[in-house]
Amino acid sequence: MTGRPASTTNPTSARTGRSTRLWPHRTGPWWSSCHAPDEAVTTPDGAPRTVFDPGRGPAAQDGPPTEIDPGRSPLDGGAQTEVEPGRTRPAGARPDLPARLAERFRVELDITGSGNQGDVYHVVRRADDAQRVLKVHRPGWRPDDQVVEFLRQECPEHVVGYDETGVEDDRFYAVMPHLTGGNLLDMRNRAPSGLAPDVLAEVVRQLASGLAGIHAAGIVHRDLKPANLLVAAREPLTIAIADFGISIPVPAGETYTEDSRAGTLPYTPPEFAVGQVRPAFDWWSLGVCVLELATGQALFPGIDEAHIIRSRIISRPLDTAAVPDDGIRLLCDGLLTIDVDERWGAEKVAAWLRGERPEVSASARPSTRDPSATRPYVFIGREYWDRQELAADLIKDWGLSLAVLCGDDSEPRNSLLAWLKSFPDNGVRIPAPPRRAPADVRLLHLIRAVDPTYPPWYRRWNITPGGLAPLAQEGYEGTIPSTDVVTELWDHKLFRLLSTGGSTQTLSSGLGLVETGNRWQNEQERLAAHAAGVRDAGARRAAERFLREERGRALSLALLAATANTENRREIQRGLDEQARTFRLSWFSELVAAPDYHWVAMALTPHAEAESARLADEERARRAHEDWLRRTEGLRDWSRRQNRPQALSHAAAGVAAIAAFLFALVALGDVADVASEAQVVNSWVGAAAALVLGLVSESVLAWDSGGRFHPAYSLLGAGRVALGRLARSIVARRIAGPASLAAAGTLVVLTIFAPAVLPFLVAFLLPPWAFRRYLDWRAQDRRERAILARPREDRPSSTR
């Protein structure tokens, strides 16, 4: 291999003995010098913008934008970075430094590019005139705490760390070394024919060392690109990795992010289409950087459409033929391997730097099998001639297949359909999916079209009659995505589509799926019929609500009824028996005792649990009330007698309010002068009768009940309760407006044309209503006396 030194040591560095480690608190002539006017600063323009995890923004101006974590947006005129939901671009000019920072630092130059994270300044620290870079983030936002701690305390060589961090005016800030050598984007732009192989090898050596330290700390950078690779010194060449704004800790070696757009798109690896983040993410980004530096050109010059760039990255290997040096080309091939498990990492890059030639994965090479088609189909860099082999790989990485074949770019899907036309249909016609079918359903139709005989697989389940019970159990329990899978199997009738699948050594066939689907249909109908037959009205309504509002769980329950084996049923029976003993509800025990109603009992388990808890609370409240009655028996009798005058005053007040209302209506009728003189006289008589009868009946009730009269049995208290119930009923029926108008209209008509009707009606109704409240009071008094007469141990069960 040519153009690459066998040693991993920088010759000049070895000669001078200068370390290239960029510790946060270390000073040196190459980073503490003043900024040179003719050299680039730490955040130069001209690079693709980084797309951040919610809330972060790019640091350069040219090329495709870096997407950030959801919710952030740029502070300048650059392309919008996708940021954390709810955050918006500040209006007007960039804010000044927080007051305390302005006291400590003097701004020499605003070097903010098109970044979204905050403002970046070249500053001089007033205390010692040290040249530094100060980054002040947007209010309320800061990098990951573990990343900040790493950059302050454990920063390895070839990584730009933090001298100081803090928060001022709700804005996180970081003080960093001031590097004046520009960045690798400048070097790429100044070398349109590419950098020399020996220079590239030294760059790779230093960056590999920095990445190794970052990954050893459990962190993935996620935005490695030429604009973020700073030149600390040009002689000897010293490179440092900067801008950890969207870096995240990956302590388990792998994680997934909900927003697969974060990062700078041309430098993100194929697996990030489904949100996967591993250290291999950064090695892919390094490969793109090396490819650009070796050719002197951007990866996708002139292409700004994100979906086109993403499709090219995930659907085929990147072309490295333009790299002139075979050693550098080998490095690019290794780092840009689409298969994340086969991609070169620290170990193979170190071997390459030692002069070895590690093997590059052969996954992108054509299959050596006898071709079954006149031309291959290329999927994520591999040529496929055999349909079953392609179907197996599509299923193996369902998420990636979904992103490629069911994404915004239709070219891979159209290419697959065109390739399939050269094959017979194996005697099975695969129908097109419904127009509004979910992406997973559309992918399944494509896979079945590729090979209708492949074992029945959907998402991550081998869909067979014997394996459906665990899936149904998870769906009934509300496990995601099991509930969604069951719903899709039902809504799109996928059993028939999957029934043509055969078997392999590890996967079962679809034999019996059609019959299972028929049983599922029957069980769903039986579940609805049994729910309607539940004896308890409240439980019946809860069962019907379960079928209507929790459709996915209801379908899963019916599927479980259709597929459960004997052992499943015994386990369900044991669980229901235990719940019946715990709940002590007669209607639930009846359901459990009838085998055909077990599935309804399972559907009603949450309702039964809530009902049992409610009854237990009522029982505790009843016992507490009994204890209170026993403790206050003498006091309540005394209060009843002593408070009779007060009760009589409440009675008089209630009757007076009714009488005042009636007298006002009668007066209005008299003023209207529409009714006859006799009617007006009768209305005054009716109002007086209402006053007298009401006062007598209310006084009798007040004297008998004494202190218990108000508010439970008084005219004012009971009337307020009755009117409240009526109002709630009218509002619940959504007729409040018409009912109010009708009542007002009736009152006006009676007052003007028949003023005697309402007073006599009130006079007629007040005594019976008072008598009704008197009966209620007596019934309550008898119940309390019965409780006091009963032995303390004689307490009824809460079982219904």
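Q: Where does Ile-380 lie?
A: Ile-380 sits in the loop between strand S15 (377-379) and strand S16 (382-384). Strands are DSSP runs of E with at least two residues, helices runs of H or I with at least four, numbered from the N terminus. The model is predicted: local features need pLDDT of at least 70, side-chain atom pairs count only at pLDDT 80 or more, and totals for chains, interfaces and linings use all residues. Residues are numbered from 1 along each chain as its sequence is written, and side-chain values use heavy atoms, with hydrogens and water left out.

Q: Why does Ile-380 count as partly exposed?
A: Its relative accessibility is 21%. Buried means under 20% relative accessible area, exposed over 50%, partly exposed in between (1.4 Å probe, protein chains only). Ile-380 therefore counts as partly exposed.

Q: What makes Asp-673 exposed?
A: Asp-673 has 62% relative accessibility, so it counts as exposed. Asp-673 lies in the loop between helix H26 (644-672) and helix H27 (677-705). Its phi is positive, about 55°, although Asp-673 is not a glycine.

Q: Why are H15 and H16 called roughly perpendicular to each other?
A: Helix H15 (residues 468-476) and helix H16 (residues 482-491) pack at about 115°, with axes 7 Å apart. Axes are lines fitted to C-alpha atoms, for helices over the stretch in contact; angles run from 0 to 180 degrees between N-to-C directions. Angles of 65 to 115 degrees count as roughly perpendicular, under 35 as roughly parallel, over 145 as roughly antiparallel, the rest as oblique. H15 and H16 are therefore roughly perpendicular.
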